[in-house]
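The paragraphs below walk through a protein model, taking a few of its helices and side-chain pairs in turn. Please keep the sequence and the 3D view at hand while reading.

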Amino acid sequence: MTQRRVEVTSDAFYGCMMHALSTESEEVMGLLVGDVHGDTVRISVILPLRRMDKRKDRVEPRPEQLSAAAEQADCLSSATGQSLRVVGWYHSHPHITWMPSHVDCRTQGTMQMLDQDFVGIIVSCFHSRSQNGATFDERERSLKSADRIQFTAFRAVHTDTGHSARYVPVAIVPSVAPSKVLVERIVEIPELLFKEEQDTMETACRQSGSPDVITLLHNVSVYTQALCSIMDIFAVPMLQSLEQYISEYERRIAGLRKEKKELEKRLAQEPPRRKAAAIRTVV
């Protein structure tokens with residue numbers, strides 16, 4: 001079925017943003033879990049993926065990652081009582097346009113062969129930091145749009161020359177309640193980044209054969225610097241953001257409890273007949 005609309009819960013949108021903004025050096029990616037109702041794809045959970053090959057301009061999910069994600073979706077379905085499955089993928093475009101590349105369209109086309117409802121999401125970010133040779137006025141305009149992030153949904157259409165993109169309207173819808181799944185997925189992101197840096201260091205050590213002390217110290221220093229950068233740029237702000245997230249919901253819970261007590265007090269002061277009528281109305 002041709003999808004005409006994509007709905008992303010605020011929790012899933014928040015997770016995509018945090019993952020996309022975790023690095024501006026290479027693209028990051030993940031899978032999207034949700035359900036399909038008619039011509040609308042509803043996305044409620046993200047599954048960040050580990051990059052086996054870090055490249056600046058492309059990412060592609062591997063078959064084993066899709067299989068593992070399908071199993072995770074089944075577990076989420078059992079835990080939540082909802083019918084959830086993998087319905088799409090997302091990746092970031094740091095410093096580049098929001099438009100899908102030919103590789104993105106080809107990947108999306110392959111996914112649609114497996115599932116016709118599959119959709120792609122592109123998060124284009126860090127535009128203002130690519131103005132190294134810009135004039136003063138251009139940099140001023142760039143600073144004003146520093147926080148602009150473009151969030152695009154697309155599908156692939158087969159043509160005589162390959163695949164092209166067809167854009168799908170996307171809407172951000174409120175999450176019904178704070179999601180434990182969201183927190184778990186966000187916490188996974190720095191763990192994935194740490195593992196990727198460890199893979200990079202181990203690969204460098206293998207390629208150098210039996211490294212001398214200077215080479216070994218260099219590799220370890222680069223690795224340590226990368227870990228510190230992840231902590232400074234992502235992990236610490238993530239914890240601060242989650243603390244604000246929890247505080248906001250604690251404030252809402254406190255307000256609802258206060259409202260509940262006021263309603264119970266008012267109900268207790270009502271005459272018996274009106275109280276019974278109120279109870280019947282509620283029932």
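Predicted model: local features only at pLDDT ≥ 70, side-chain atom pairs only at ≥ 80, totals over all residues.

**Helices and salt bridges**

The buried residues of α2 pack against β2 (29-37), β3 (40-48), β4 (85-94) and α5 (180-207). The buried residues in α2 are Gln65, Ala69, Ala73, Leu76 and Ser77. Viewed along the axis of α2, these buried residues lie within an arc of 120°, so they line one face of the helix. On the face turned away from that buried side, α2 carries the exposed residues Pro63, Glu71, Cys75 and Ser78.

The length of α2 can be checked against its residue count. Helix α2 covers residues 63-80, and its 18 residues should span 26 Å at 1.5 Å a residue; the end C-alpha atoms are 26 Å apart, which agrees. Just after α2 comes Gly81, which takes a positive phi of about 80°.

From its first C-alpha to its last, α3 reaches 19 Å with 13 residues, close to the 18 Å expected at 1.5 Å a residue. Its buried residues are Val103, Asp104, Cys105, Thr107, Gln108, Gly109, Met111 and Gln112. The elements that cover the buried residues of α3 include α2, β4, β5 (119-125), β6 (150-159) and β7 (162-168).

What holds charged side chains together across these elements? In the whole structure, a search finds 11 salt bridges. One of them joins the side chains of Arg106 and Glu60, at 3.6 Å from N to O. Arg106 belongs to helix α3 and Glu60 to the loop between β3 and α2, so this pair ties together parts that are 46 residues apart in sequence. Arg106 counts as partly exposed, because its relative accessibility is 41%. Glu60 is likewise partly exposed, with a relative accessible area of 35%.

A second salt bridge is formed by the side chains of Arg85 and Asp117, at 3.1 Å from N to O. Arg85 lies in strand β4, and Asp117 in the loop between α3 and β5, so the pair ties together parts that are 32 residues apart in sequence.

Arg252 counts as partly exposed at 43% relative accessibility, and Glu248 counts as partly exposed at 29%. Elsewhere, Arg5, Glu7 and Arg42 are linked in a network of salt bridges.

Helix α6 (residues 213-269) also contains Ile214. With 64% relative accessibility, Ile214 counts as exposed, because the cut-off for that class is over 50%. Together with Val213 and Leu217, Ile214 forms a nonpolar patch on the surface, and the three have about 330 Å² of accessible area together.

Key. Residues numbered from 1 in each chain as written. Heavy atoms only, no water. Helix = DSSP H or I, 4+ residues; strand = E, 2+ residues; numbered from the N terminus. Expected span 1.5 Å × (residues − 1). Buried < 20%, exposed > 50% of the residue type's maximum accessible area, 1.4 Å probe, protein only. Arc of directions from axis to C-beta. Contact = heavy atoms within 4.5 Å. Patch = residues over 30% accessible without salt bridge, like charges linked within 9 Å, V, L, I, M, F, W, Y side chains within 5 Å. Areas by Shrake-Rupley, 256 points an atom, 1.4 Å probe, with all protein chains shown as cover. Salt bridge = Lys/Arg side-chain N within 4 Å of Asp/Glu carboxyl O.
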